[in-house]
Amino acid sequence: MKDDAPILHEDKPDLYRGNIHIVPATGEDCQKLRCSDMEKGFAESDYILEKEFATCPRRAAPIENFVTLAIPEGIDGMTLYAATQCPHGNSGPMAAAIGLPQSKLRVICPAMGGGFGVKNYQTNEAATGVLAKKIGKPVRWTLDVRGM
């Protein structure tokens with residue numbers, strides 16, 4: 001963010017750093033992806049449980065399908081139309097997955113019905129963007145109830 005960017009949340013310094021939402025308990029950016037050394041974690045573990053299990057990927061049933069339309073714009077930009085409840089919060093991780101700077105990804109959420117919280121998270125948006133970038137043409141991906 002530019003040094004002279006307007007501050008949107010001056011009244012909430014404990015929740016925002018500039019215009020980026022932070023986690024009050026740790027002071028870290030909410031949108032920061034965190035990765036660690038898995039092998040080191042295993043080596044330092046007292047006990048490792050290896051077992052297979054299966055679970056359904058969603059617990060809620062939104063009123064409408066997950067639909068994403070990714071439209072490449074030039075060689076370094078993209079617009080994503082997505083049925084998401086969190087277009088701004090997910091745009092950073094989506095841009096990183098697609099291989100674009102966040103400033104070159106525009107995420108638009110048209111009016112949508114109830115998502116009941118399950119549309120707060122990414123589903124097919126980043127993958128749709130990756131496909132559109134790879135082929136240089138718009139891509140639409142729909143996940144219906146069976147695909148969720």
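A polar contact is a pair of N or O atoms within 3.5 Å; within protein, one must be able to donate a hydrogen and the other to accept it. Keep this in mind for the last stop. The model on screen is predicted.

**Stop 1: two strands.** Select residues 77-82, which form strand E4, and residues 105-108, which form strand E5. The two strands run parallel and are joined by 4 bridges. To find one of these pairings, pick Thr-79: its bridge partner in E5 is Arg-106.

**Stop 2: the faces of E5.** Show the side chains of E5. Leu-105 and Val-107 point to one face and are buried.

Stop 3: Now select helix H2, residues 87-98. Together with E4 and E5, H2 makes a right-handed β-α-β unit. Its buried residues include Pro-87, Asn-90, Met-94 and Ile-98. The buried residues of H2 pack against E4, E5 and H3.

**Stop 4: Glu-125.** Move to helix H3, residues 125-135, and select Glu-125, which lies in this helix. Is Glu-125 buried or exposed? Its relative accessible area is 2%, and buried means under 20%, so Glu-125 is buried. Leaving aside residues up to four places away in sequence, Glu-125 touches Thr-68, Leu-80, Ala-82, Thr-84 and Met-94. Finally, select Thr-123: its backbone nitrogen lies 2.7 Å from a polar atom of the Glu-125 side chain.

Methods:
Residues numbered from 1 in each chain as written. Predicted model: local features only at pLDDT ≥ 70, side-chain atom pairs only at ≥ 80, totals over all residues. Heavy atoms only, no water. Buried < 20%, exposed > 50% of the residue type's maximum accessible area, 1.4 Å probe, protein only. Contact = heavy atoms within 4.5 Å. Pairing = 2+ DSSP bridges. Right-handed = clockwise from strand over helix to strand, strands pointing away.
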